[in-house]
There are 4 protein chains.
Amino acid sequence: MKVGFVGLGNMGLPMAKSLLGAGHALTVWNRSPARGEPLVKQGARMAASPADAARGADVVFSMLADDVAAEAVSVGAQGIVEGLGKGAVHVSSSTISVALSQRLTDAHASAGQGYVAAPVFGRPEAAESKQLWVVAAGAQVDVERVKPLLESLGRGFTVLGEHASMANVVKLSGNFLIASMMEALAEAFAFTRKSGVEPRQFLEVFQSVFASSPIFANYARAIAEERYAPAGFALRLGLKDVGLVLEAARAAEVPMPLASLVKDQYLGGVAQGHGDLDWSALGALVAERAGLGKPPR
Amino acid sequence: MKVGFVGLGNMGLPMAKSLLGAGHALTVWNRSPARGEPLVKQGARMAASPADAARGADVVFSMLADDVAAEAVSVGAQGIVEGLGKGAVHVSSSTISVALSQRLTDAHASAGQGYVAAPVFGRPEAAESKQLWVVAAGAQVDVERVKPLLESLGRGFTVLGEHASMANVVKLSGNFLIASMMEALAEAFAFTRKSGVEPRQFLEVFQSVFASSPIFANYARAIAEERYAPAGFALRLGLKDVGLVLEAARAAEVPMPLASLVKDQYLGGVAQGHGDLDWSALGALVAERAGLGKPPR
Amino acid sequence: MKVGFVGLGNMGLPMAKSLLGAGHALTVWNRSPARGEPLVKQGARMAASPADAARGADVVFSMLADDVAAEAVSVGAQGIVEGLGKGAVHVSSSTISVALSQRLTDAHASAGQGYVAAPVFGRPEAAESKQLWVVAAGAQVDVERVKPLLESLGRGFTVLGEHASMANVVKLSGNFLIASMMEALAEAFAFTRKSGVEPRQFLEVFQSVFASSPIFANYARAIAEERYAPAGFALRLGLKDVGLVLEAARAAEVPMPLASLVKDQYLGGVAQGHGDLDWSALGALVAERAGLGKPPR
Amino acid sequence: MKVGFVGLGNMGLPMAKSLLGAGHALTVWNRSPARGEPLVKQGARMAASPADAARGADVVFSMLADDVAAEAVSVGAQGIVEGLGKGAVHVSSSTISVALSQRLTDAHASAGQGYVAAPVFGRPEAAESKQLWVVAAGAQVDVERVKPLLESLGRGFTVLGEHASMANVVKLSGNFLIASMMEALAEAFAFTRKSGVEPRQFLEVFQSVFASSPIFANYARAIAEERYAPAGFALRLGLKDVGLVLEAARAAEVPMPLASLVKDQYLGGVAQGHGDLDWSALGALVAERAGLGKPPR
């Protein structure tokens, strides 16, 4: 297939590489073009704009950092909507708000184009090794069309229905679950540590009893060892995502007091200058409040 | 070894059976003696009181439902302290308060006896199949002595230090982690469901992305399928355990806002008459508040 | 002075009447013009649009229900900005978001016009009897100019500085304080009532000890007597205002866990169909969770 | 009447003085007898023990710092129960737990004595100037008997019924309301201050709009001026009282999420070494989390 890819950040670059490796004709665009050079060497074409990357493509992917960037490359000047042909499909993998996902669905529909939301679970290493899990939603015909591409990105995917924004609801809920587990771990480590239990001992119990799940195990280790830098996923991004959860939950009329609690923790972290630590630094914030000393700088 | 066992409830009975199966000479006591008959058939002796079960034993286990029962069989009239010989060890596996564990440590020390706290992670099925994980703490000499017995109870154990109550801190923290995960799942399911995502689809994503941990997977399924009865672990017991966490955390001066949040959820559940549902019924309480209908009766 | 007034709702109408009564030449506009007839009888002119009400005026007031309406009458087609002359001043008394207040400041500045935010504390009865308290902010020259008008609206005012949006910050904070007090009262009444204390007795204590403040006394009485309809200020408006607080607090990087708690209470109230009750119906929501029965319909 | 008074702390001393001034024959006891000397000079008798102060009295008051002290002087060796005659009444004005109040009711009933709980609202200055407000509960005959004494303590009282502990429920609820208002003020001041509003300006608005209630006005001023030492009422006592609220609320099955929130704030304050600041130092804790700098030492 002819595939476009817009946004070659830490996640986008390895995802584009997977598509290229699966034998598709790839045209890429990134704000700073140097990021695309390794792909060009492997046969990709460099586009002059998102619209250019979309022009003539069967499917164009986008993977951007936030709502502002995702909206700009989609419906801004020289954006994807301008370039994409009728009947072609935009697959949006960014972690964006539910409201924006709905606006993009409408914009593409007005232009006779398809829109599939397909955010992914997994870190850059998982993207590199094709271990992502994709959650996809959109009109059935469009989802069917892009399935082979989703398959080449990761180890599997779940299709969530015909409303694209449901995939964003699920992606945000997943990040909320991780953040919640982190707050729980942060409180549990502060409590056990202040009661005299060695963090590595509590970690051993956690691993033995709960943590066949590697996600939770990794964060438990970060908290046990008080290693919050460099950030795998920055605290300020955690704030962004939990903020998006609360925004969408308010629109859906769902009180989420735990999400509110975690949001206030992250907001306090940012306000006190820890926004660039890893989002597991909840461990440090909770410990500080328990009189166990200050977060690392 | 000569071993006593006090308390043959859903957890105690299979644990006692494991000890008997490992070849130890077992004397048992239970408030209603009928519970002990299967063990007597396999060679155990029935004692007339906790003191009687402890008399002459190298080690006596106890496994009771709460602080009141655990305190009564230990330091009450005809309790374990009365019967146990000098140098023999009481292994307390009940999920009890940190403060009571400290009082029992002192009581046994005054009597020249050893005290090891060794609560377990796992449901009755896990006790039956020797899949429990034990967390033990106490004076090193006592812990060394009982290690072979702990080994015959489950698939492994963690030794946490010389202060017995640390094992209770860790057990309570484990239950707090489960309750927190449940609140997080409850909010995530209410949010996704009200946004139009089928619960079984969100369950599929959860299982694919997070839930190699069977504990979390089981609770996620209960919430997805709205199956809260019969209770595996009753909501009112969840309230008890989270209450014990908060009590100990206050003594240790550790603010735990998530534990407070979960406690208030459980307390509301009990106040509204749902105390006998499974503790995963947080799923129903959160859904009701989101306008998704009432909990089952 | 020549004064325009846009928005003749429950608050706007008595405020406009006060200005008319103080001897100013008044031109009014309301979406449904019938609301303005009593004023026309007393000598006001009815305008054809917000722009028309602003044209030729020294000062134009606006008092609308929410951000959407306030933005439309200000910068929409035939809005205030279109009609207002250079150097004339828009006094915005609506309870709107901090962000919108900043956008309106910019829009008027670009048009060479002044903008003063001047939200008010007090119910319609207070507006009728000139008992409002006004909080005003904006460029000093503009504030000076409108001071005589603010004086005729209520019993006094506080000037908060040169950034108009600060007045909105303070107005939202005031509503947050009321909502918080209501949650506190709701919990205190549920606790005392379930402990066997008659609500009217606790009300007597509250009045004797705390409530020289009539605002709090009134809400305490509503909760004590379980009278939540008709709404003086609807629960869904409480949700709106606390939502605006949280939005602005996030932008300012201020964690407000109590505001989050109250927001989730209001959101749950709306989700369960109680959005049209008075915002003091927190009393009913808290009581229900304590097992004290359902809110009235 | 013949009156005993046990506990001559900051509150007890002026209360005893009021009773003496009203013409009653007073016998006093205090752990360190020096505190009683000014009363002895005015004609009071110094007792050798709480039992001694109660012996022969019609009514004996007690005013102690906490549950431990109140229980010791009442039912401990040489306590009030030992000395008080049949039919005489113990009036307990201490701020104690609901559970202890119930135990004391029972202990006095068993001894054929009356027990009235009569905690007071007001600071030492209010006790000095007879401006306290008393909340009293107990058997009607006992309450009737002590009414003239309660009248000489303050400006009025509310009788709450026949169960003594209800007066404790109401006293604790009152302290909870103050603590809640303080958290609300703390968040409002942090939000307005970080948004650029001068604290003294927000204070002016608060006073104009809300604060005919001098209690709230005083705490708002403390927060506005960041004056948290010396403590009028120490943060650790605030933690104690909110803890007692939560304990009693749990027994009554009433979820109080705002009380939980405030408790965690106070617990964090104590854990970080601020337990001796005034309980209005919530203002500093909230401000610190908003990145506005550290609490004073």
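Buried residues are those under 20% relative accessible area, exposed residues those over 50%, and partly exposed residues those in between (1.4 Å probe, protein chains only). By this scale B:K240 is buried, at 18% relative accessibility. The model is predicted: local features need pLDDT of at least 70, side-chain atom pairs count only at pLDDT 80 or more, and totals for chains, interfaces and linings use all residues. Residues are numbered from 1 along each chain as its sequence is written, chains are lettered from A and ligands numbered from 1 in the order in which they are written, and side-chain values use heavy atoms, with hydrogens and water left out.

The interface of chain B and chain A was examined for contacts (heavy atoms within 4.5 Å). Chain B contributes 58 residues and chain A contributes 59 residues. Buried area is the accessible area (1.4 Å probe) that two parts lose on being put together, summed over both. For chain B and chain A it is about 5000 Å². Carbon and sulfur atoms give 75% of that area. On the chain B side, B:L177, B:F191 and B:F210 supply 15% of the area buried against chain A, more than any other three residues.

A salt bridge requires a side-chain nitrogen of Lys or Arg within 4 Å of a carboxyl oxygen of Asp or Glu. Between chain B and chain A the count is zero. A polar contact is a pair of N or O atoms within 3.5 Å; within protein, one must be able to donate a hydrogen and the other to accept it, and residues adjacent in sequence count only if both atoms are side-chain atoms. There are 12 residue pairs in polar contact between chain B and chain A, both residues at pLDDT 80 or more.

Secondary structure follows DSSP runs, numbered from the N terminus, with helices (H or I) of at least four residues and strands (E) of at least two. Several elements of chain B each supply at least two residues to the side that touches chain A, including strand 8 (132–138), strand 9 (154–159), helix 10 (199–209) and helix 11 (214–225). Helix 9 of chain B gives the largest share, 19 residues. By class, the chain B side has 39 nonpolar, 12 polar and seven charged residues. Here Ala, Val, Leu, Ile, Met, Phe, Trp, Tyr, Cys and Pro count as nonpolar, Asp, Glu, Lys and Arg as charged, and the others, Gly among them, as polar.

Chain B also touches chain D. In this contact 18 residues of chain B meet 18 residues of chain D. The buried area is about 1300 Å², with 60% from carbon and sulfur atoms. B:R250, B:E253 and B:L267 lose the most area in chain B, together 40% of what that side buries. Helix 13 of chain B gives the largest share, eight residues. The chain B side divides into 10 nonpolar, three polar and five charged residues.

Over all chains, the count of salt bridges is 39. B:R227 pairs with B:E225 at 2.7 Å, N to O. B:R227 is partly exposed, at 46% relative accessible area, and B:E225 is partly exposed at 42%. B:R236 pairs with B:D276, the closest N and O atoms being 3.2 Å apart. B:R236 is partly exposed, at 40%, whereas B:D276 is exposed, at 57%. In a further salt bridge, the closest N and O atoms of B:D241 and B:K240 are 3.4 Å apart. B:D241 is buried, with a relative accessible area of 3%.

Helix 14 of chain D (residues 282–289) has eight of its eight residues buried, so this helix is largely enclosed by the rest of the structure. Among them are D:L282, D:L285, D:E288 and D:R289. Just after helix 14 of chain D, D:G291 takes a positive phi of about 80°.
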